[in-house]
Amino acid sequence: MTGQILTAQGLNVTFATPDGMVRAVSDLSFSLMRGECLGIVGESGSGKSQTFLSALGVLADNGRAGGVVNFQGQNLLGLTQNALNDIRGNRITMIFQDALTGLTPHMRMGEQLTEVLVTHKALSKQTARARVLEMITRLRVPDPQQRLAMYPHELSGGMRQRMMIAMALLCEPDILIADEPTTALDVTIQAQVLQLLSGLKKHTETAIILVTHDLGVVAGLCERVMVMYAGRLVEEAPVDELFYDPRHPYTRGLLDSTPRLAGSVHAADGRLKAIPGQPPSLEEQITGCAFAPRCAGAMAICHTERPPLRQSGPGRRLACHLAAPS
Amino acid sequence: MTKPPMLRVNDLKVHFPVRKTSGFLPDRVPLKAVDGISFSLGAGETLGIVGESGCGKSTLGRAILSLVRPTAGRISWLGVDIAQADKRATRLRRKDLQLVFQDPLASLNPRMTIGEIIAEPLRSFPAEYSKSVRIRKVNEMLHQVGLSPGMTNRYPHEFSGGQSQRISIARAMILTPKLVVLDEPVSALDVSIQAQIINLLKDLQAAFDLSYIFISHDLSVVQHMCDRVLIMYLGQVVEQARAHDLFVNPRHPYTRSLIDAVPIPDPVAERARQTVSLTGDPPSPLNPPAGCRFHPRCPHAVDACQAAAPELETVAPGHDTACFRWRETL
């Protein structure tokens with residue numbers, strides 16, 4: 001189950017706004033291995049969602065994507081909508097934070113789910129229905145028959161999220177993009193959905209891209225993590241190394257400012273170690289390192305020259321002047 | 001450090017009439033959002049109210065602020081029953097009791113400058129706060145929440161989420177209240193900003209000797225913020241204790257599963273962890289289960305749990321839980 005399934009080179013995403021051009025993602029390159037779970041972490045506006053919306057051709061109307069996103073020998077960014085339709089919902093699927101907006105409100109769950117298989121796999125309605133039932137039973141949806149007869153609004157939040165996951169898995173995709181899949185859920189329901197996703201990892205070949213701001217969720221599910229800040233990749237590492245040996249000051253700050261149950265990382269006076277300041281707005285022209293204004297260790301060069309993204313160990317990349325070999 | 005309670009809530013009930021969606025005849029059934037809750041809060045204390053969506057935690061906060069009228073029960077503020085008070089008395093009390101919402105941008109009027117927004121509570125009491133006093137107080141407050149006084153003429157959309165939350169906090173604090181209800185004040189913020197706001201709230205509490213009611217679903221934030229915690233399930237308290245006791249020694253199975261469900265930002269610990277996650281969703285508050293409301297999801301439920309509802313029982317000093325089996329499930 002090795003080999004790259006998706007690679008991106010020099011991906012740029014910009015939005016034309018009345019106030020000028022806004023850069024959401026800048027010069028992003030990465031690869032995704034078959035069957036792995038890759039976590040993407042960053043603050044709101046760091047470009048973590050836009051990266052994947054652009055790859056699937058579903059950016060907002062004023063958005064433009066440049067660069068190359070290679071999936072099985074084709075550049076996704078150059079495909080027509082028709083060609084993309086064969087891939088979206090079939091080979092690459094996506095689940096969102098808010099399951100209610102991801103489901104069609106006027107169709108019963110059963111119809112929506114079977115439609116996926118009828119469209120993409122050209123199955124008969126009967127076979128499709130049987131497969132749907134099998135899938136949602138596997139996802140441990142109680143009373144599956146009854147739930148399939150319901151409309152999305154009749155389901156609870158956790159159940160809707162499960163239906164959306166079922167829908168995303170029906171075609172046994174190569175890649176599942178999960179954009180904050182548990183953020184809108186209560187903790188006990190979140191735990192159920194996370195268990196579901198980790199079971200999925202063991203039993204399928206599907207690679208998962210988990211976009212989230214919750215480091216706890218990343219720790220449990222991902223093998224590799226990319227940290228984004230202001231539209232750029234600032235650090236990439238295997239999950240253990242990222243948590244136990246974070247090298248970018250932003251990654252460190254993020255880990256330090258995360259409150260934990262028991263044994264928190266506190267400053268001496270019992271306060272949380274917050275990162276001062278706030279992320280730059282995307283309209284800002286950034287010279288130097290985007291994190292420099294909030295970085296305790298920033299040097300003169302950090303404000304004038306952008307640190308290049310460098311290899312910093314096996315499977316690790318880092319963009320920081322502080323770590324550069326002098 | 002026991003201080004006399006400022007706020008005492010006694011057997012508080014808030015029921016909303018809801019139209020029944022099924023059945024032949026149109027009918028109204030009560031949605032028991034808050035169903036018999038009692039607690040007290042001392043000066044300078046932070047009480048955490050925790051529970052899943054729909055458990056009534058926000059309604060409880062609103063009832064304390066007289067934003068919804070309680071169906072039954074007593075809320076006494078500094079010894080005066082305010083549950084059934086008239087409008088005038090309620091208005092005067094607003095100075096003491098303030099609220100901060102979850103979504104900072106949605107709670108700021110987009111057509112007012114932030115100077116106007118922060119000064120607005122002062123304008124409700126024109127006799128006490130002249131224009132020059134208002135300007136001075138707004139500038140002081142801005143400084144206190146970490147914004148620059150030069151920002152008074154800007155509009156809410158020019159601020160980020162974290163800054164907007166600072167503005168709502170400034171508005172809540174400007175009348176120097178005694179109690180502030182914080183309804184998920186950091187849930188909408190990024191992690192790095194969340195820590196800043198938590199620190200700010202702690203600083204303000206120390207500066208003004210404030211009491212907080214901190215409503216949240218995030219246990220790690222609650223543990224960090226609160227002195228005491230109240231765990232709610234379907235409109236009722238299932239456990240209350242000092243924060244430390246609650247997290248170290250949770251007695252109610254629901255509390256335990258809530259704590260278990262929190263993902264740990266530590267890969268080795270997270271992989272080693274055995275989660276016994278709760279099955280099912282919380283039932284609808286319109287039709288709560290008989291007996292203990294938690295029994296359909298409880299791994300320890302026995303017949304007795306279906307037959308009768310457990311009362312809150314003291315299991316250790318200052319630590320109450322409502323579970324028949326707390327001794328056996330330790």
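Predicted model: local features only at pLDDT ≥ 70, side-chain atom pairs only at ≥ 80, totals over all residues.
**Helix packing, chain folds and the contact between chains**

In chain A, helices α4(A) and α7(A) cross in a right-handed manner. Two packed helices are described by the angle between their axes and the distance between the axes. Here, α4 covers residues 109-121 of chain A and α7 covers residues 157-169 of chain A; their axes come within 9 Å and cross at roughly 20°. Because angles under 35 degrees count as roughly parallel, α4(A) is roughly parallel to α7(A). On the side of α4(A), the contact is formed by M109(A), Q112(A), L113(A) and V116(A), while α7(A) contributes M163(A), A166(A) and M167(A).

The description may now be widened to chain A as a whole. Its secondary structure consists of twelve helices and twelve strands. Along the principal axes, the C-alpha trace of chain A spans about 65 × 50 × 40 Å. A compact globule of 326 residues would have a radius of gyration near 20 Å, and the 21 Å of chain A agrees with this. Of these 326 residues, 46% count as buried. When contacts in chain A between residues at least 6 apart in sequence are considered, 64% of them join residues at least 24 apart.

One position in the backbone of chain A deserves attention. E180(A) has a phi near 50°, which is a positive value in a residue other than glycine. E180(A) lies in the loop that runs between β7 (175-179) and α8 (187-203) of chain A. Is E180(A) buried, exposed or partly exposed? A residue needs 20 or more other C-beta atoms within 10 Å to be buried, and 12 or fewer to be exposed; E180(A) has 19 C-beta neighbours inside 10 Å and therefore counts as partly exposed.

Chain B can be described in the same terms. Its secondary structure comprises eleven helices and twelve strands. The C-alpha atoms of chain B fill a box of roughly 65 × 55 × 45 Å, taken along the principal axes. For 330 residues, the radius of gyration of a compact globule would be near 20 Å; the value for chain B is 21 Å, which agrees. Buried residues account for 45% of the 330 residues in chain B. Among contacts in chain B between residues at least 6 apart in sequence, 64% connect residues at least 24 apart.

Chain B likewise contains a backbone position of note. The phi of L78(B) is near 50°, a positive value in a residue other than glycine. L78(B) is located in the loop between β4 (72-77) and β5 (80-81) of chain B. With 15 other C-beta atoms within 10 Å, L78(B) is partly exposed.

It remains to consider how the chains meet. In this contact, 35 residues of chain B touch 40 residues of chain A. Which helices of chain B each supply at least two residues of the side that touches chain A? They are α6 (191-208), α7 (219-225), α9 (253-261) and α10 (267-272) of chain B. The largest share of this side of chain B, eight residues, is provided by α6(B). In composition, the side of chain B that touches chain A divides into 16 nonpolar, 13 polar and six charged residues.

Technical notes
Residues numbered from 1 in each chain as written. Chains lettered and ligands numbered in written order. Helix = DSSP H or I, 4+ residues; strand = E, 2+ residues; numbered from the N terminus. Rg over C-alpha atoms; globule rule 2.2 N^0.38 Å. Contact = placed C-beta atoms within 7 Å. Axes fitted to C-alpha atoms, helices over the stretch in contact; angles between N-to-C directions. Parallel < 35°, antiparallel > 145°, perpendicular 65-115°, else oblique. Left-handed = near helix turned anticlockwise from the far one by under 90°. Nonpolar A, V, L, I, M, F, W, Y, C, P; charged D, E, K, R; others polar.
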